[in-house]
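Here is a short briefing to read alongside the model. Take a moment to look at the sequence and the structure before going on.

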2 protein chains.
Amino acid sequence: MERENRASVGGMEGDKDVRGANKRSLRCSDLVLRFVALALTLAAAVVLGVDKQTKLMEVTTVSSPPPVLVPVTSKWHYLSAFVYFVVANAIACSHAAVSLLLTLASRGGKKNVALMIFILDLVMVALLFSGIGAATTAGLLGFQGNKHVQWNKVCNKFEKFCNQALAAIAISVLASLAFLLLVLLAAPNVHKKH
Amino acid sequence: MERENRASVGGMEGDKDVRGANKRSLRCSDLVLRFVALALTLAAAVVLGVDKQTKLMEVTTVSSPPPVLVPVTSKWHYLSAFVYFVVANAIACSHAAVSLLLTLASRGGKKNVALMIFILDLVMVALLFSGIGAATTAGLLGFQGNKHVQWNKVCNKFEKFCNQALAAIAISVLASLAFLLLVLLAAPNVHKKH
C-alpha cells in the first residue's frame, strides 16, 4: 500500500516535471517567434519604406522636337496600398517589441497580460495579412497592368523598385506566419484557468 | 464537520453547474457565429460574383467623325484582386458550412476535430483579411485612380459596379470579424486538456 502511494506520488511528480518542461519549451518558442516576428516586420517596413528609384526617361515636347531626357522618380508612398503595408508592419513591429518585453518581465505569471497579448497577436495576423493583400494587388498591377481598365504596367520601367517591393512582401508573409504560430502556441497558456 | 462536507460537496456541484452553463453558452455562441460567418461569406462572394455593369460610351473613330455609342462592360473577373476575394470568401463559406456540421455532429466531444476547426478558423481569418486588403486596393484605385502611375479612375463611369464591390467588401469585413471571434471563443475548449 505504502509502495503504491510512493509510486503514485512519484508519478505525479513526473507529470509535474513533464508539464514544467513543456511550459519552458513553449515559453522559449514564444520568445524566439516573437523576436523573429519583430525582426521580420521591421525588415519589411524598412525595405519598402526606403524603396525609391529615379530613372531618366525620354519625353517629347512640342517646343523641342528631339526627345528630352527627364528624371522620373518612383517612391513607395505614391501608392496608398504601400503606405498601408508599411504602417501595418510598423504597428506589428511595435507590438512584437512591447509584447517581448512584457513576456520577459511577467515570466508567464500574469493571466491578463497573456490574454491581452494573445488578442493583439490575433489582431496583428489580421492587420499583416490585409497589408500583404493590399501590397500584392498594387505590385501585381505594377508588374502586369490591366488592359480592361487601361492601367499600364510600370515595373518594366522601374524594375529595381518593384523587386524591392516584392522582397518586402515576402518578408512580411514570413512575419505574419510567425504571428499565426504565436496565436496557436499561446492559446493553451492564456485560457488554462478560464 | 458533516455540514462542512455537505457545503463543500454543494459548492463543487454549484461550480460544475456554472461550468456546464458556460460551456453550453460558449457552444451556442460558436454555432451562431459560425452560421453568421457562413451567411456573410456566401453573401460577399455572391454580391461580388454577380457584379457586372454595361454602359454605352462615346467613342470617336477616324472613319466616322461624330462620336459613336459603344456598349462597354465592367465585370468582376477583369481584376485578379476581385477573383481572389471571391475565391477566398467561397473557401471560407465552405469551411464554415463543414465546421458547422462537424460541431453539431461531434457535440464538443472530439478534441482533434475541435483543434482542426480552431486552426482552420485561424487560417480563414488570414485568408479573408488578405482578400479584403486586395479588393480594397483595387476598389480604391478604381475610385481615386493614381496620377503618379497614370492609372485613371473608373468608378466615375461604373458607379453601380463599384458600389456593389464596396458592399461585398463591407460584408466580408463582418464575416472576418465573426471568424476572429470564433478563434477567441474556441481557444479555451480546444486546449483545455493539453
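Through which surface do the copies meet? In this predicted model, 100% of the interface residues of chain B are also interface residues in chain A, so the copies meet through the same surface.

**How the two chains are related**

**Where helix H3 meets its counterpart**
- Helix H3 spans residues 111-144 in chain A and residues 111-144 in chain B, and the axes of the two helices come within 7 Å, crossing at roughly 40°.
- The crossing of H3(A) and H3(B) is right-handed.
- From H3(A), the contact is made by A:Leu122, A:Val125, A:Ala126, A:Phe129, A:Ser130, A:Gly133, A:Ala134, A:Thr137, A:Ala138 and A:Leu141.
- From H3(B), the residues in the contact are B:Leu122, B:Val125, B:Ala126, B:Phe129, B:Ser130, B:Gly133, B:Ala134, B:Thr137, B:Ala138 and B:Leu141.
- By class, the contact of H3(A) with H3(B) has 14 nonpolar residues, 6 polar and no charged.

- In chain A, helix H2 (residues 80-106) and H3(A) have axes that come within 9 Å and cross at roughly 160°.
- H2(A) and H3(A) are therefore roughly antiparallel to each other, and H2(A) passes H3(A) in a left-handed crossing.
- The contact of H2(A) with H3(A) divides into 19 nonpolar, 7 polar and 1 charged residues.
- In chain B, the axes of helix H2 (residues 80-106) and H3(B) come within 9 Å, with a crossing of roughly 160°.
- That makes H2(B) roughly antiparallel to H3(B), and the crossing of H2(B) past H3(B) is left-handed.
- Residues in the contact of H2(B) with H3(B) comprise 19 nonpolar, 7 polar and 1 charged.

**What the record says**
- The unreviewed UniProt entry annotates residues 31-50, 81-105, 117-145 and 165-187 of chain A as "transmembrane region".
- Residues 81-105 of chain A are 100% helix and 0% strand in the model, with end C-alpha atoms 36 Å apart.
- Residues 165-187 of chain A are also 100% helix and 0% strand, and there the end C-alpha atoms lie 33 Å apart.

Terms used
Residues are numbered from 1 along each chain as its sequence is written. Chains are lettered from A and ligands numbered from 1 in the order in which they are written. This is a predicted model: local features need pLDDT of at least 70, side-chain atom pairs count only at pLDDT 80 or more; totals for chains, interfaces and linings use all residues. Side-chain values use heavy atoms; hydrogens and water are left out. Axes are lines fitted to C-alpha atoms, for helices over the stretch in contact, and angles run from 0 to 180 degrees between N-to-C directions. Helices (H or I, at least four residues) and strands (E, at least two) are DSSP runs, numbered from the N terminus. A crossing is left-handed if the near helix is turned anticlockwise from the far one by less than a right angle, and right-handed if clockwise. Contact means heavy atoms within 4.5 Å. Ala, Val, Leu, Ile, Met, Phe, Trp, Tyr, Cys and Pro count as nonpolar, Asp, Glu, Lys and Arg as charged, and the others, Gly among them, as polar. UniProt positions are given in the numbering used here, feature names are shortened, and annotations may be inferred rather than shown by experiment. Angles under 35 degrees count as roughly parallel, over 145 as roughly antiparallel, 65 to 115 as roughly perpendicular and the rest as oblique.
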